[in-house]
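Let me put the structure up and then we can walk through it together.

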Amino acid sequence: MYIGVDVGGTCTDAVLLDKGQVKATAKVPTRADLLSSLLEALDVIMKGTPAELIKRVVLSTTMITNLIAERKFDPVGLILIPGPGLNHDYYRYDTDTHIISGVIDYRGREIVALNEAEVDLAIDKLAVAGYKKVAVVGKFSMRNNAHENHVASVIKGKYPGWQVEIGHKVAGQLNFPRRVVSAMLTCATRDKYEFFVDSVLTALDQRGIKTSVFILKADGGTLPLATSKEVPIETIYSGPAASTLGVQALIPPGETAVVVDIGGTTTDLALILSGQPLLARKGAKVYDQRTQVRALAVKSVPVGGDSVVERAGKEIIVYSERLGSPYCLGGPMPTPTDALRVMGLTNLGDIDKAREAMNLLGDPLGIRPVEVAARIIELVVETITNEIDQMYIRWEKNPAYRVWEVLQKKKVRPKTIVGVGGNAPGFVSQIAARMGCYPVIPPYFMVANAIGAAVSRPTLQVNLRADTERGIYSIQEEGYQGTIKDRHFNEEKALSLAKEWLARRSEKYGLQDDLGEVEVTRKEVFNMVRDWVTSGKLIDISVQTKRGILHYIGTGVNCSGD
Amino acid sequence: MGIKKTGLIFFPAFDWAISPTHPEREERLLYTRDQIFEEGVVDLPEIEEFSPRLATIHDIARTHFCIPRVQSQVTEAHLIASGAAMLLGDRIVSGELNNGFAMVRPPGHHAMRVVHGNRGFCNINNEAIMVEYLRRKHGIKKLAIVDSDVHHGDGTQEIFYHDPDVLFISFHQDGRTIFPGTGFTHELGGPNAYAKTINIPLPPGTTDETFHYVLDHLIMPILNDFKPDFLINSAGQDNHYTDPLGSMLFTAQGYADFTRKLNPHMAVLEGGYAIETALPYLNLAILMALAGQDYSYVREPDYRPGMFKERPEKVEQVHKMVESLLDVWAKKDEFDREKLFGSGKFYQRKKNIYYDTDYIEEEQLEKVRQCDQCPGYMIIESGANRGYGALIRVLAVSIPFTACPDCQTEAYEVYEQGKIEKKQFDYIYMQDKSTDTYLAYERNKDQEWVSEGPKPEV
């Protein structure tokens with residue numbers, strides 16, 4: 001049996017799955033102590049089920065998102081090695097930032113060496129300022145990590161107790177500023193996250209759950225919980241990823257659909273294209289800080305069932321804030337949920353209170369409660385449909401760098417709108433009607449996120465880059481740099497080398513049984529020509545374990561070998 | 001209202017090459033991609049990246065006579081490169097973007113009006129296609145193109161040689177020392193567009209200093225006088241000191257300063273084949289200059305200040321040329337038309353055009369109507385030998401956007417007559433920009449086509 005738990009902003013949801021059937025669900029309010037909410041939900045669904053039957057537990061949590069939002073961490077000092085390019089004034093962060101000399105170019109060649117005196121000075125200044133956490137990040141460090149490693153080793157030599165993060169290990173994609181942010185946030189959250197992970201593992205252990213525990217990542221893949229300590233920020237936005245996977249599991253395989261997850265304060269939008277959730281082209285943005293974290297393309301719209309509704313002059317306005325529960329549930333202000341109650345689209349709360357809320361808004365304008373309610377619902381539906389349109393436009397604007405990519409760009413418009421989350425039924429049919437689509441409210445829509453967590457599967461990636469002219473290759477995820485001895489090294493050999501590393505990585509994480517089919521997600525081979533003669537090849541290869549989900553719910557379809 | 005952005009279309013055509021070892025190959029913008037992506041400049045609020053779209057066959061026919069048909073001269077990569085420039089042009093004209101950079105390949109500035117094949121790595125002219133599109137779609141009146149490639153932009157020059165509304169300025173390495181061997185100061189445009197073509201041949205070894213002297217004292221004053229509604233930079237980057245094909249000594253900073261001063265609406269990438277030592281830095285610096293960002297930290301790895309010196313006599317030569325071209329510009333409306341172009345109904349010139357990439361030799365007779373009412377229609381007779389004996393002969397008629405009724409009527413007569421009487425021509429073309437109609441007649445099949453398919457029987 002499989003367990004999925006999603007610790008969300010307002011609610012913590014859990015499900016127990018057995019062979020694609022939902023055996024138990026739970027929904028409890030999320031309290032400040034995330035762990036206690038998690039365990040409460042877990043205890044509800046586990047009632048009557050022996051712990052030995054649990055094969056796997058997958059969590060998704062707002063833990064890291066909350067940490068970053070509330071800035072509940074020690075300051076992180078920065079040592080940056082940007083070299084030429086943008087003016088160094090661009091690299092201003094809300095912390096002490098020391099910029100030192102040293103240049104690595106796009107092929108990983110050292111152009112300017114580090115200056116040891118500058119390295120020492122930067123470290124000393126951070127020490128004087130009281131920093132104990134440092135992120136060291138260089139431009140093109142994934143092509144050559146010598147500079148980053150050297151600075152880190154000097155720090156370790158001087159201050160063995162400091163926590164040091166190096167850029168290429170955290171964020172190996174091209175984009176230096178995002179690498180800085182990713183490294184800084186990793187450094188900031190790591191110890192608190194470690195504490196959280198250990199507490200969860202201990203608590204599960206006490207309940208007799210000895211099986212493997214995973215955590216969901218923003219891209220919809222999972223990592224063993226213990227391993228995730230290395231990359232805490234990969235777990236941001238796992239909530240929206242969870243609901244998207246949940247929808248993937250709840251609709252027929254291969255379907256194309258828009259996912260609308262309407263919660264209390266926000267509505268998350270995502271796309272499933274031919275059965276696969278769409279990945280964002282760029283890394284996730286956390287409170288205006290751009291990271292390199294790979295994430296599903298999810299758009300959060302600040303409107304939900306608990307959004308405050310007010311009257312301004314003759315206008316009725318839906319605000320993005322939440323000031324508590326809906327009026328009909330004893331809250332202070334009218335909300336869209338009250339409107340739904342008046343229209344009979346939900347059974348939540350007290351009908352008289354809901355009417356009263358509509359009267360508060362409508363009386364001064366001489367409008368009847370039903371009309372007020374209709375207008376509020378209309379506003380919410382309009383906001384969401386506009387955002388769905390914007391999402392399509394952004395998706396179509398995604399740059400293409402190859403002829404075939406431009407040619408295959410088609411204007412795919414999903415025909416299905418799938419609503420999940422507590423407030424979905426009241427809105428989704430109208431959203432779909434306006435977009436000319438079919439509305440779908442799947443069974444278990446209330447706990448689709450927990451289902452998504454339960455059916456998610458481990459994903460591991462390996463990005464290999466080989467430069468045969470220089471006779472070197474690197475494995476981004478491992479920060480490994482090796483040499484190529486084989487004179488006839490080519491694309492085929494690069495691919496098997498990448499697969500080898502993927503297998504090695506799976507073993508390292510205890511996932512060898514999950515390796516299964518390997519997907520090649522990127523393969524770029526460039527002939528390097530110098531003086532009209534081919535002098536070498538640049539080979540970029542990305543391989544990953546198969547993306548997807550373990551089960552489709554209620555269909556009896558089992559998608560993997562297990 | 002947000003800030004007005006710089007639009008970027010980066011289309012490196014990672015799956016298109018002329019041949020595997022050709023300078024115009026997949027690898028060309030690879031390191032540029034690495035540099036631009038690693039800098040993270042696309043995340044800056046001042047820069048927005050777009051996906052390219054395809055130009056249509058119709059858009060190509062508005063500018064070129066492709067022999068025998070557009071489809072036989074262009075690949076999808078060409079349509080994407082041209083389409084990218086058009087897309088950014090649209091958004092700049094509409095006011096959505098402040099300016100734009102089409103960082104695209106394949107390049108285009110050697111492609112002339114008649115296209116028998118590939119010359120100078122170019123099949124179709126991205127800038128010219130954009131210019132004609134902007135005039136047609138948005139009614140833009142006056143445009144200027146400044147070509148900063150080391151090679152003379154002979155294709156662009158040829159297309160607009162008789163067009164008084166498009167000012168073409170090219171500075172480049174002296175044609176006596178480099179392909180295509182043209183671009184001398186006496187090439188100044190046809191009778192109806194005199195001094196709307198300005199060529200500034202610079203001696204090999206010219207540095208940033210002289211380059212900027214020319215910019216400040218010649219190019220900018222002329223542009224300020226002409227006042228184009230839309231300004232384009234054909235942003236070739238092979239004047240760089242590390243370029244393998246050129247012999248000039250410009251730097252990334254020199255190019256970026258140029259971009260900042262010129263302040264074009266659009267930059268369109270042309271040549272530049274120092275793919276490792278120049279392109280990553282130049283493209284980054286130009287993009288940042290367009291976006292109004294500080295590019296002073298962009299440096300080539302081996303650059304040291306003061307590493308280039310010019311011979312004073314060469315500098316003196318350039319200064320004199322600037323003087324004389326300024327004089328030409330000042331007196332552009334006083335030239336003796338009869339003395340320069342004769343008094344015949346048509347001004348005509350004979351041209352021999354060599355297609356270096358495809359080894360084609362073309363002989364062309366170009367006639368332009370010396371009209372008082374409009375820029376005059378053109379008749380082109382062209383024959384090209386593809387090396388294996390088959391000589392293809394074509395007759396092409398082109399009507400300008402602002403043609404007078406007489407020229408329109410006469411031009412159609414020439415076209416219709418050609419179909420019936422001029423049996424020596426295998427193909428006959430009509431490019432009527434005034435009504436956006438493009439016709440092609442194939443003698444063998446006795447069939448006429450409009451740009452997008454066969455013309456329905458009447």
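This is a predicted model: local features need pLDDT of at least 70, side-chain atom pairs count only at pLDDT 80 or more; totals for chains, interfaces and linings use all residues.

Now the sheets. One of them in chain A is an open sheet of six strands, ordered 3-2-1-4-11-12, and the pairing is mixed. At its edges you have strand 3 (21-29) and strand 12 (222-224) of chain A, each with pairing on one side only. From one strand to the next, the twist averages 20 degrees.

Zoom in on strand 1, residues 2-7, and strand 2, residues 11-18, of chain A: they're antiparallel, with six bridges between them. Here's a pair to click on: Asp6(A) faces Asp13(A), which belongs to strand 2 of chain A.

What packs on this sheet? Helix 1 of chain A, residues 34-46, lies across strands 1, 2, 3 and 4 of that chain, at about 35 degrees to strand 2. Then there's helix 7 of chain A, residues 238-250, lying across strand 1, strand 4 and strand 11, and running at about 125 degrees to strand 4.

Next sheet, still chain A. This one is open too, with four strands in the order 6-5-9-10 and parallel pairing. Strand 6 (97-99) and strand 10 (163-166) of chain A are the edges. Neighbouring strands here are turned by 20 degrees on average, ignoring direction. Strand 5 (residues 77-81) and strand 6 of chain A are joined by three bridges, and Leu78(A) has Thr97(A) as its bridge partner.

Two helices of chain A, helix 4 (residues 146-158) and helix 6 (residues 176-206), each lie across strand 5, strand 9 and strand 10. For helix 4 of chain A the angle to strand 9 is about 160 degrees, and for helix 6 of chain A it's also about 160 degrees to strand 9.

Setting aside neighbours within four places in sequence, Leu287(B) contacts Leu8(B), Ile36(B), Val41(B) and Phe101(B).

Terms used. Residues are numbered from 1 along each chain as its sequence is written. Chains are lettered from A and ligands numbered from 1 in the order in which they are written. Two residues are in contact if their C-beta atoms, placed from the backbone, lie within 7 Å. Two strands pair if DSSP finds at least two bridges between them. Axes are lines fitted to C-alpha atoms, for helices over the stretch in contact, and angles run from 0 to 180 degrees between N-to-C directions.
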